[in-house]
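Here's a quick walk through one chain, written for someone who likes to know how each number was made. Have a look at the model first.

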Amino acid sequence: METITIKVAEKTAREWEKASPELRSHLEKQLDNQIDDLIYRSKVAKFEKSLDEISAEAKANGLTEEILREILNEDD
């Protein structure tokens with residue numbers, strides 16, 4: 001594991017200092033999982049936004065589902 005620094009509320013920092021090593025370890029694992037999940041969701045949302053923008057641009061340029069199907073079904 002790596003060490004990072006994050007800002008938290010004063011109360012949270014005080015409670016962290018009082019927490020047992022076992023509780024800290026448990027919380028670190030939970031926080032690691034939550035951060036990983038949030039970063040993944042952010043990447044997915046960014047990707048979906050990009051797909052929406054590409055779709056809108058294609059439609060604005062006259063690409064329809066029918067034309068796309070024809071292009072995809074063309075023999076090389």
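Predicted model: local features only at pLDDT ≥ 70, side-chain atom pairs only at ≥ 80, totals over all residues.

Residues are numbered from 1 along each chain as its sequence is written, and side-chain values use heavy atoms, with hydrogens and water left out.

**Overall form**

The chain has three helices and zero strands, giving the pattern α-α-α along the sequence. Helices here are DSSP runs of H or I with at least four residues, strands are E runs of at least two, and both are numbered from the N terminus. The radius of gyration is 24 Å, while a compact globule of 76 residues would sit near 11 Å; that value is taken over C-alpha atoms, and the globule rule is 2.2 Å times the number of residues to the power 0.38. Along the principal axes, the C-alpha trace spans about 65 × 25 × 15 Å.

**Helix H2**

H2 has 40 residues and reaches 58 Å from its first C-alpha to its last, close to the 58 Å expected at 1.5 Å a residue. That expected span is 1.5 Å times one less than the number of residues. After H2 comes Gly62, with a positive phi near 95°.

Both Leu27 and Ala56 belong to H2. Leu27 counts as partly exposed because its relative accessibility is 32%, and Ala56 gets that label because its value is 44%. Here are two C-alpha to C-alpha separations involving them:

| Pair | Apart in sequence | Apart in space |
|---|---|---|
| Ala56 and Lys29 | 27 residues | 41 Å |
| Leu27 and Leu63 | 36 residues | 50 Å |

**The largest pocket**

A pocket is an open set of points on a 1 Å grid over the protein atoms alone, where a 1.4 Å probe fits, with protein on both sides within 12 Å along at least five of seven lines; lining residues have an atom within 4 Å of a point. The largest pocket is lined by 20 residues, and Ile4, Ile6, Trp16, Glu28 and Leu31 lie nearest its centre. H2 provides the largest share of the lining, eight residues.

Terms used: Buried < 20%, exposed > 50% of the residue type's maximum accessible area, 1.4 Å probe, protein only.
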